[in-house]
Amino acid sequence: MTARPAIDEHLLDEAEAWHGALELADADWDGYTTWLEADPLHREAFDAVVLTHRIVNERVGNLEKPAPIEEPAEAGTRGWPRRWFYGAAAAAVALALAVPAIWLRSSDTVYATKPGETRQIALAGGINVDLAPASRLILADGSAKDLELSRGEAIFTVAHDPARKLSIKAGEYVVGDIGTTFAVNVSTETVKVGVADGRLTVMPNGGEAASVTAGQQLIASRTGGTMQLSSVASTDVGSWRKGRLVYSDTPLAVVAADISRYTGKTIAVDPAIGSQSFSGVLAIGDGSKLLSSLADLTGLTYQEEGNRARLGASPAR
């Protein structure tokens with residue numbers, strides 16, 4: 001049996017560099033996508049770095065101080081020694097590859113799905129979750145009151161309880177005041193929240209909360225910025241459970257990310273059309289015709305090479 005390639009320090013160096021670069025205002029998303037597509041290990045390494053930073057940033061006070069070593073701290077690891085960082089990242093890789101429901105630490109639980117795979121999750125307090133393909137849901141402190149959708153899409157059905165304290169982190173936003181049925185979609189660039197029943201609030205980091213009610217959807221940049229509110233048919237929220245992807249004024253970058261989760265292909269979108277909106281219906285099937293259907297409906301072009309694809313504008317005539 002051929003041994004599985006390992007994630008080494010050089011690859012973690014690259015992942016850490018991209019993690020820092022993506023926080024810049026002029027982040028090179030095209031370059032990042034190209035790097036991510038080059039090898040499946042790149043995504044695993046980047047996920048490990050993100051998870052490690054999350055542990056450091058949120059629980060730094062609870063982490064045991066590592067023993068002194070001669071090697072200096074690297075920039076970007078917030079003063080933690082490089083060797084300790086790589087050890088934590090390697091542990092994160094092992095955890096991410098283990099089982100669908102894993103413990104990041106004694107207080108966190110993660111539910112994850114693979115491309116093309118879905119999962120139904122029943123949480124405490126009358127909270128039911130339908131997790132879409134290639135998605136990840138984190139229960140902070142092992143509690144159903146403090147959730148994070150770190151990637152992909154999930155449909156939440158929450159029993160009404162005025163006394164409930166529930167929040168869901170999505171990118172730089174927090175969804176709260178929940179007693180409803182709604183969908184949250186988190187892609188590399190965008191956060192989308194659609195409400196089928198009831199109401200909720202979406203609060204950006206350091207900003208003012210927006211109210212979203214049944215028949216509305218909110219779309220915003222994952223890292224913060226203007227939140228756009230528009231109408232959506234309540235029956236179209238979470239339509240993937242019925243074998244369809246239904247969109248209303250949704251950026252192509254979001255649509256491409258959804259298709260990627262059903263096909264397992266990494267799909268890059270030409271930045272010139274990434275913010276272009278799409279309204280329409282795509283039949284999921286086995287996922288193989290999603291990209292061609294989108295191209296037919298929009299008049300765009302696409303190129304496929306192995307496990308990668310790129311969506312672009314039609315050449316001028």
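Buried means under 20% relative accessible area and exposed means over 50%, with partly exposed in between (1.4 Å probe, protein chains only). Helices (H or I, at least four residues) and strands (E, at least two) are DSSP runs, numbered from the N terminus. This is a predicted model, in which local features need pLDDT of at least 70 and side-chain atom pairs count only at pLDDT 80 or more, while totals for chains, interfaces and linings use all residues. Residues are numbered from 1 along each chain as its sequence is written, and side-chain values use heavy atoms, with hydrogens and water left out.

Start at helix 6, residues 290-298. Its residues L290, L291, L294 and A295 are buried. They sit on the same side of helix 6, because they cover an arc of only 135 degrees around the axis (taken from the directions from the helix axis to the C-beta atoms). D296 and L297 are exposed, on the face turned away from that buried side. The buried residues pack against helix 5 (252-263) and several strands, including strand 15 (244-251) and strand 19 (308-312). Just after helix 6, G299 has a positive phi of about 75 degrees.

Now turn to the cores. A nonpolar core is a set of buried Ala, Val, Leu, Ile, Met, Phe, Trp, Tyr and Cys residues joined through side-chain atoms within 4.5 Å. The largest one has 32 residues, and L123, F156 and L200 are among those with the most contacts inside it. Strand 6 (residues 146-158) gives the most to this core, with 5 residues. A second, separate core has 25 residues. It includes L291 and L294, both of them buried residues of helix 6.

How values were computed. Contact = heavy atoms within 4.5 Å.
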